[in-house]
Amino acid sequence: MDRISGFGPVGGGSIPPAPVFKMKKSKAVPGDYVEVHLTRLIYEGVLLEVPESEKSMILLKLDNGYNIGLSKKDILEIKLIKRAKEEKSKIEIKKDPGKPNIAMIITGGTIAARLNPRKGGVDWLTSSEDLFKFYPELFEKVNVSRVEIPFMKASEDMDFKDWQKLARVVQKLLNDQQIKGVVITHGTDFLHYTAEALSFFLRDLNKPVVLTYSQRSIDRASSDANLNLQCSALAAISNIAEVMLVGHANSNDDFCYAMPGTKVRKLHSSRRDAFRVVNSKVFAKIFSSKMEILSEHKIRNKGKVKLDLDFEDKVALVKFYPGQDPDILDYYVKKKYKGIVLEMGGLGHVATKRARNSWTKKLTEVQKKGLIVCATAQTINGRLDPLVYSNGRELLETGIIYLEDMLSETALIKLSWVLGHKDWNVKEKMLENVSKEFGDRLG
Amino acid sequence: MQLDYEKLGFKSGLEIHQQLDTNKLFCNCPFLLRKDEPDFEIKRRLHAVAGESGKVDIAAKHEASLDKDFIYQGYDTTCLVELDEEPPHEINSEALEIALHISLLLNCEIQPITQVMRKTVIDGSNTSGFQRTVMIARDGYIETSKGKVGIWYIYLEEDAARTISEDENSKTYRLDRLGGPMVEVVTAPDIKDAEHVKEVALKIGDILRSCKVKRGIGTIRQDINVSIRGHPRAEIKGFQDPKVFLEVVNKEIERQLGNVGKKIKTKPEVRGANEDNTTKFLRPMPGAARMYPETDLPILKISQQVINQAKKSLPMLRSDLQSELRKEGLSEEYIRMLFKQNKIEEYKELLEVINKPQLIAKTLLVFPKDIAKRKNKSLAEVEKILEDNYNGVFYLVKRRQISESHVKDVLSAIVDGKGLDDAIKLEKVDIGDVEEKIHKIIKEKPGLSEKAYMGLVMKEFKGQIDGKQVMEIIKKFVK
């Protein structure tokens, strides 16, 4: 399809520029009902917030429900007609002593963001009342007895300090006898990193820790959050004492999967079933009202959860591509990085001695300088095996730690966690199956 | 019953929904209704959502009471956008241009800065739970026999999925129609009486059909708003045929009169047209509360450049086009058929190759049917083969490499699978052949009339040759 170009600034082209009026200062704020006076016309409607990039216009919601924009330079005056009323509808949520209690942790992301069409801006869901308003079905199975908000962030804005803070909140809730399990709502983009971090930070897990999300905004009747939350509630009161990610199993609103926190990855930018288990099995298949256990997992117990939050953030994830100059590794040494996870091709290969840009020598050199180098698979699926080809054997001899079927993102988090412990044997610990990050039998 | 509309305080406006003839509005999928077995199905559920200020819209609440599974059927012509699994793509610029054409022809003012909105619809006919719609223009008018009728708004919006089946627990929709571009024209309540409703509908329909819109059953739909003094407005949905307007409007007035008399408390509502042209309750009238911005798309700016482009490519009104075709010397029958078969564009293109209106019209309208009948093929199949060849054939007619009377033979050969080069050669061989045969027939049965020879020759060739040319040859031999 041809697209007409020129969705550019309005008022260009052959029309002479309109006279620029100096708009009178207005008392009206977003949400107010106003009259907008132009030279020829008067518009009535609700004044809305405008996006940061569109400050040269105002947005108006007309009585027919449609929003239009008006260029500020054409406006003579914005007359305030009626102030917006703050409508606070009080909702009472009855706690049912017969239902199990869960705690919710809200951290941001689509699942907690709600457009306020009255003003045009974004509101956050921050209380059980808000949750109840949007997800009444969630409360049919459980009492949401606690809502914690350690921070409100998009997942791409988080770092290990946020993960540590989150782990502390989770620990506190899990060690509360009144609470059967924890559900964390989270942005999707880097949700699997948080799942991985919690999988290593929370030791001796006693109850379910469920992370969930939505790919479709919650203002729409089709939002995937509804089923994801219902299934998450069931997972949180189940006997699976694991860090797991719960979300749509496919495009249908039929059931969700409970996926192991160290073996899950976002594999689609927009579909409901964006998260998939890689090199492992799902824990359970969860419908809105029942659950089928599909693989082995740790069982709910009466123990106390401990925290192990040590973390070394001077660790990087490097993706190899053919022809890449190995000198890039000097940068990490110079910047005092302690370790890198190198994403390799195939069974575990980067350019060797036969290549113009060989990595073999450089890899030996940087490891001698103390940089830990671990290897994971670019293919995402499958296990590394450096012994099959001579190129692999040559690289193995440099001292690289091959991480078998571990996901690159999991490897990054684990290496950072392991390197945070100065007295640990790095290679030994990296190859120990601490939190189901290795799969012993790949299907 | 004779109604005095003025005395009744009769108020009526129209909402006309017209499908556009282009790809879908927010993805590149074809707007193509499929009859074959679907390639896949997905199952979804929708739930009521609190609108602004936490209120569930009254219309949305009514629909939400239907607690159903929705099954959606998809094809290889469906993508993740229709499945509500991918954000909408940039608005289809061709659909926007067509909407601008319609707006300009209805004397409207284009809205240069506007926002795509989500209109909550939770009967399942939209996978997303809303319909995307955007206001393109406002404040236009048309001239009618009873004065000006205002055009309030022009919206460009997505069509809904088609209902395939429904039972107690589920409803099945097909995604082929979902997201197809539609223009909605909303008139002011300036319509004077039931007869006037029909006139306005026909007039707007005519203007719409001058633009690149879909034709045929189901491609246009009219809703009528009717009220009389003392009664709230009712929206009667789903008309396709303006012929029934008169009766439906009058029956609705009678219904409303009955309510006013009985002092029944009534609310604005949406009604559907019954088979007997009475109306039935569908749902309460939706409020503006169910409209909120489509946050996945930027604010739509329709630049002066785009508006100028639309002005340049503005199609001629059907009535103007008709008189132009008449001036070109085309018969009324051909004019009517060109419109009916939606072949005006093709006709005009070919007219630029060769200025022979009658020949082109005949070629487009008559020959494919004849050839299809003779070769026992479907018309669609024949037209598909021929559509790319008309240009070449007429070019050769202009260069006198094909005679006008043999256009049909050449096309016929093309349908047989011959290339254009071979089809011309065939024509030359054939003419020699024909002459020889005609000569033989006349020699064998001397003394008959020209008409009688004509009959014999046509019988011999089983009607596969051009009668006009045969007559010329016969005349040559019969002195």
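In chain B, strands E7 and E8 make a hairpin, with two residues between them. This is a predicted model, in which local features need pLDDT of at least 70, side-chain atom pairs count only at pLDDT 80 or more, and totals for chains, interfaces and linings use all residues. Residues are numbered from 1 along each chain as its sequence is written, while chains are lettered from A and ligands numbered from 1 in the order in which they are written.

E7(B) and E8(B), the latter covering residues 147–158, pair in the antiparallel sense over 10 bridges; two strands count as paired if DSSP finds at least two bridges between them. Strands here are DSSP runs of E with at least two residues, helices are runs of H or I with at least four, and both are numbered from the N terminus. Within this pairing, Met135(B) has Tyr155(B) in E8(B) as its bridge partner.

Strand E6 of chain B (residues 117–120) joins E7(B) over four bridges, with Lys119(B) opposite Gln131(B). Strand E4 of chain B (residues 109–110) is linked to E7(B) by two bridges, and there Ile110(B) faces Ala137(B). Of the 15 residues of E7(B), 11 are buried, so this strand is largely enclosed by the rest of the structure. Buried means that 20 or more other C-beta atoms lie within 10 Å of a residue's own, exposed means 12 or fewer, and partly exposed is in between, with C-beta atoms placed from the backbone.

Now turn to chain A, which has nine helices and 23 strands. Eight strands build an open sheet with mixed pairing, in the order E9-E6-E10-E12-E13-E14-E17-E18. Strands E9 (143–148) and E18 (291–293) of chain A each have a single partner strand, so one side of each is left without a neighbour in the sheet. Neighbouring strands are turned by 25° against each other on average, direction ignored; axes are lines fitted to C-alpha atoms, for helices over the stretch in contact, and angles run from 0 to 180 degrees between N-to-C directions.

Inside this sheet, E13(A) (residues 243–248) and E14(A) (residues 255–260) pair in the antiparallel sense over five bridges, and Val246(A) stands opposite Ala258(A). Helix H2 of chain A (residues 160–174) packs on the sheet, touching E6, E9, E10 and E12, and its direction makes about 170° with that of E6(A). Contact means C-beta atoms, placed from the backbone, within 7 Å. Helix H3 of chain A (residues 191–201) also packs on the sheet, touching E12 and E13.

Conventions:
Contact = placed C-beta atoms within 7 Å.
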